[in-house]
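Here is a short briefing for a first look. Keep the sequence and the 3D view side by side.

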Amino acid sequence: MNITYFNWSSGKDSALALYKILQDSTYQIDLLITNVNQEYERVSMHGLHQNLLDKQAESIGLPLQKNYFPAEVTMETYNATMQEKMEALIEKGYTHAVFGDIFLEDLKKYREMKLAEVGIQGIFPLWKKDTKKVLKEFLSLGFKAITVCVNAGLLGEEFVGRIIDEQFINDLPEEVDVCGENGEFHTFVFDGPLFDFPIDFRMGEKILKSYSLKDDDTDKEHQSTKKTYDTSFWYCDLILN
């Protein structure tokens with residue numbers, strides 16, 4: 001059995017990938033790892049406060065390791081820190097790492113390249129699956145999720161803070177992937193077959209934030225080719241009850 005850690009984003013694709021990999025006796029999943037913004041104590045890109053992340057891990061019943069990064073971090077620093085974290089995991093016997101990626105080729109290549117540098121093998125349970133089928137399977141299994149962040153260039157304020165359901169799928173514009181695999185939206189999973197208990201939360205305010213990312217600045221979870229662009233996101237703050 002391969003000692004394996006899971007890269008947990010707190011969202012729906014992570015939840016389904018974890019559900020699937022736990023059915024495979026080849027892998028022993030005994031650790032969740034999440035990157036957290038040190039300044040704001042929130043999950044990178046998702047904007048989810050870490051106390052909700054902690055509650056997820058408690059309900060799932062797996063230990064959680066949080067990798068803290070400053071709000072402003074270069075790719076050089078990010079890569080060096082991640083390599084150090086992975087080397088520490090190797091010393092503990094970890095040989096494999098699981099991700100919830102579906103079809104972003106450049107992101108998968110980036111992950112595999114960095115994993116290969118330290119001798120860890122990447123596992124991608126959802127890779128190349130039809131995203132419509134992925135989301136329908138997620139819902140059919142009884143998972144429940146809410147959007148916590150949406151790309152304001154593609155989706156309006158009304159899409160953030162929405163429960164993921166059939167109506168949500170039907171309301172998405174044609175150019176938006178139903179799983180948000182291109183970074184169109186991010187989610188928080190609060191119940192489902194992985195959880196011993198649902199996460200009790202309430203909705204807070206909605207906030208529009210704009211960013212300017214240049215050259216080596218990047219969304220670490222959806223890295224693509226280097227480019228310069230301005231983008232804005234709607235965030236819905238969730239508050240743990």
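The points below cover strand pairing and aromatic contacts.

This is a predicted model: local features need pLDDT of at least 70, side-chain atom pairs count only at pLDDT 80 or more, and totals for chains, interfaces and linings use all residues. Residues are numbered from 1 along each chain as its sequence is written, and side-chain values use heavy atoms, without hydrogens and water.

**Strands**
- Strand 1 (residues 2–7) runs parallel to strand 2 (residues 27–37), and five bridges join them. Strands are DSSP runs (E, at least two residues), as are helices (H or I, at least four), numbered from the N terminus. Two strands pair if DSSP finds at least two bridges between them.
- Phe6 has Leu32 in strand 2 as its bridge partner.
- Strand 1 also runs parallel to strand 5 (residues 96–98), with three bridges. Here Thr4 stands opposite His96.

**Aromatic pairs**
- The whole structure holds twelve aromatic pairs. Rings of Phe, Tyr and Trp (its six-membered ring) pair if their centres lie within 6.5 Å; planes under 30 degrees apart count as stacked, over 60 as edge-to-face and the rest as tilted.
- Tyr5 and Tyr94 have ring centres 6.0 Å apart and planes at 75 degrees, so they are edge-to-face. Tyr5 lies in strand 1, and Tyr94 in the loop between helix 3 (75–91) and strand 5, 89 residues apart.
- Tyr5 is buried, at 3% relative accessible area. Buried means under 20%, exposed over 50%, partly exposed in between (1.4 Å probe, protein chains only).
- Tyr94 is buried too, at 10%.
- Tyr19, Phe138 and Phe143 form one aromatic cluster.
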